[in-house]
Amino acid sequence: MTIRVRRVAAACALGAALTACGAPSAPHASRPAPSAPTAAVSSRPPTLAPGPAGLTPVFKNGPRVGGKTVALTFDADMTADEGPRAAKGEHFDNPQLISTLRTLKVPATVFMTGRWADEYPAEARAIGRDPQFEIANHSYSHYAFTGDCYGLPTVSPDRMKADVERAYTAFKKAGVPNAMPYFRFPGGCYDRQALKTLSAVGVTAVQWDVVSGDAFATDSDAVAQQVLEGVKPGSVVVMHCTRSAAPATEKAVRMIVPELRKKGYRFVKVSELIGAADRHR
Ligand SMILES: [Zn+2]
């Protein structure tokens, strides 16, 4: 498990290119405005209670019993200093992936960096206003929250809280109505200090139990196979929605979804797994 986590984290660190999940905005023209929320949207998202000593709670997977659910999560990475690469035409977004998730009717959680939302505000807004998806926080800068995280630049402890809050500000600026109080550490790297520092923000940290290996992968069969072998009831799968750094993901999703449905799995957002985990405590 450790090795697999390191693989994705290393990819994350290298993935200067990872960016936002693109979403065509036209289909949303007729969607209800965020000022007319449904009951589900307006209710408070489920979170985990703080950990020992008030530390930020860490969620890894949902209950293994009580039904076959699985959450696909997509990290929309973009590191703070990658603007020039985007300006040169590198695609950190992946509109086709979002479109495929819509076509297949797969609910999903997008862990978005604030920098990505700044780069692709229309796509961020379209994802955020679509009830099929939820947007959670993947920091503003995609800098690491520990000293040694696969070569990522680091955020100093006194800037951690501000970096997370800056991402929420970026989501709001893009027009995302209800970003979730969930946070995924860049590279998946955290320690007690980071959990303590973020406790004031009130987020639940979300890790994963299934690494897709999609970052920089070109073999979609291999990605699909790794996911299909790893998924158990309640699993959280980490993938990416960035064309340049995860080019095989969309095709892999088209293979993964029907296979898991054949096995009886239902796709859910992370919030549903966290709600179920809370009920099973
Ligand atoms: Zn990331």
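At what angle do helix α4 and helix α10 pack, and how far apart are their axes? Before getting there, a word on what you're looking at: this is a predicted model, where local features need pLDDT of at least 70, side-chain atom pairs count only at pLDDT 80 or more, and totals for chains, interfaces and linings use all residues. Residues are numbered from 1 along each chain as its sequence is written, and side-chain values use heavy atoms, with hydrogens and water left out.

The protein chain has 11 helices and nine strands, taken as DSSP runs (H or I, at least four residues, for helices; E, at least two, for strands) numbered from the N terminus. Of its 281 residues, 55% are buried, meaning under 20% relative accessible area with a 1.4 Å probe, protein chains only.

Now for that helix pair. Helix α4 (residues 95-103) packs against helix α10 (residues 249-262) at about 15°, and their axes lie 9 Å apart. The two are therefore roughly parallel, a label for angles under 35 degrees. Gln-96, Leu-97, Thr-100 and Leu-101 of α4 meet Thr-249, Glu-250, Val-253 and Arg-254 of α10, contact being heavy atoms within 4.5 Å. By type, the contact residues of this pair split into three nonpolar, three polar and two charged.

Helix α4 turns up again around helix α6 (residues 121-128). The buried residues of α6 are Glu-123, Ala-124, Ala-126, Ile-127 and Gly-128. Their cover includes α4, along with β3 (108-112), α5 (114-119), β4 (133-137) and α7 (157-174).

Notes: Axes are lines fitted to C-alpha atoms, for helices over the stretch in contact, and angles run from 0 to 180 degrees between N-to-C directions. Angles under 35 degrees count as roughly parallel, over 145 as roughly antiparallel, 65 to 115 as roughly perpendicular and the rest as oblique. Ala, Val, Leu, Ile, Met, Phe, Trp, Tyr, Cys and Pro count as nonpolar, Asp, Glu, Lys and Arg as charged, and the others, Gly among them, as polar. Buried means under 20% relative accessible area, exposed over 50%, partly exposed in between (1.4 Å probe, protein chains only).
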